[in-house]
Amino acid sequence: MLTIKTFEVNPLQEKCYILSDPTGEAVIIDCGAFYPDELTAIDQYIADNNLQLKEHLLTHAHFDHTFGCGHIYEKYGLKARFHVADDFMFHNIEGQPMMYKHLPALHRDLGPAGEHVDTTTVIRFGQHELSVLLTPGHTQGGVCYYCAEEQVLFSGDSLFYRGVGRTDHPGGDHEQLVLSLRAMLGSLPDGITIYPGHGPITTSDDERRVNPFLI
């Protein structure tokens, strides 16, 4: 059984997820924790549940999904892993959207990048594994993480409840995003629960049926 803990963090209400199973091994996805109390809550959850973090995974490298990367590296020794197409973005956080430059933590050290992920990557922890699905368009390195055994998908900012990610920032491509999401959803079975980077959870069935961007 997979336990999924959600933390809603930072001024953009980004969703950070910790996945764990009865072995105590865990992965963290998109640690965008911005404020000290958010980082403390994540650390406390890990300690209270005696979890051993094995990986820090990013669905993409926008700053609101990476604020906590430096902390995760310093405390747990985990380098953030993401697709190579977002490498420049990860290492150039100051070049990201000007509208958020008032956030002082935008300039914090994210720590080093880890080994890049692609469609051949399998993330193993405990009794579970995640595969990597490419969904470029929100960023060129956008990916989703899929656990087939538990029928759950972590979609970052590629796919939302009744929506898709914005594509008006550098590297965004709306047509590419729509095509990649249609292909991904077409390859998934019914009944997949989707955990996005912002907003409520949804399902593969509902998004195929009623998402106005994908029908």
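**A charged pair and its surroundings**

Tutor: Start with arginine 81 and glutamate 55, whose side chains meet in a salt bridge at 3.1 Å, N to O. A salt bridge here means a side-chain nitrogen of Lys or Arg within 4 Å of a carboxyl oxygen of Asp or Glu. The pair links distant parts of the chain: arginine 81 is in strand 5 (residues 80–81), glutamate 55 is in strand 4 (residues 52–57), and 26 residues separate them. Strands and helices are DSSP runs, numbered from the N terminus; a strand is a run of E with at least two residues, a helix a run of H or I with at least four.

A word on the model: it is predicted, local features need pLDDT of at least 70, side-chain atom pairs count only at pLDDT 80 or more, and totals for chains, interfaces and linings use all residues. Residues are numbered from 1 along each chain as its sequence is written, and side-chain values use heavy atoms, with hydrogens and water left out.

Back to the pair. Arginine 81 and glutamate 55 are both buried. Buried means under 20% relative accessible area, exposed means over 50%, and partly exposed lies in between, with a 1.4 Å probe and protein chains only. The pair also belongs to a network of salt bridges that links Glu55, Arg81 and Glu115. In total, the structure holds seven salt bridges. Side chains of opposite charge can pair when their charged atoms come close.

Five strands form an open sheet in the order 1-2-3-4-5, with mixed pairing. Strand 1 (3–9) and strand 5 stand at its edges with a single partner strand each, so one side of each has no neighbour in the sheet. Two strands count as paired if DSSP finds at least two bridges between them. Strand 2 (residues 14–20) and strand 3 (residues 25–29) run antiparallel and are joined by four bridges. Tyrosine 17 has isoleucine 29 in strand 3 as its bridge partner. Helix 1 (residues 36–48) lies across strand 1, strand 2, strand 3 and strand 4. Helix 1 runs at about 165 degrees to strand 1. Such axes are lines fitted to C-alpha atoms, for helices over the stretch in contact, and the angles run from 0 to 180 degrees between N-to-C directions.

Strand 2 also holds glutamate 14. Glutamate 14 is buried yet has no salt bridge. The nearest side chain of opposite charge belongs to lysine 15, 9.4 Å away. For charge, Lys and Arg count as positive and Asp and Glu as negative, while His and the chain ends are not counted. Leaving out residues up to four places away in sequence, glutamate 14 touches several residues, including Phe7, Asp30, Asp64 and His198. Contact means heavy atoms within 4.5 Å.

Glutamate 129 forms a salt bridge with arginine 124, and their closest N and O atoms are 3.5 Å apart. Glutamate 129 counts as partly exposed because its relative accessibility is 42%. Arginine 124 is exposed, with a relative accessible area of 57%.

Strand 6 (residues 122–125) and strand 7 (residues 128–134) pair in the antiparallel sense over four bridges. They form a hairpin with two residues between them, and glycine 126 in the turn has a positive phi of about 55 degrees. Isoleucine 123 stands opposite leucine 130, and phenylalanine 125 stands opposite histidine 128.

One more charged pair. Aspartate 190 forms a salt bridge with arginine 208, with the closest N and O atoms 2.4 Å apart. This pair too links distant parts of the chain: aspartate 190 is in the loop between helix 4 (174–187) and strand 12 (193–196), arginine 208 is in helix 5 (residues 204–210), and they are 18 residues apart. Aspartate 190 is exposed at 51% relative accessible area, and arginine 208 is partly exposed at 28%.

Strand 12 runs parallel to strand 9 (residues 152–156), joined by four bridges.
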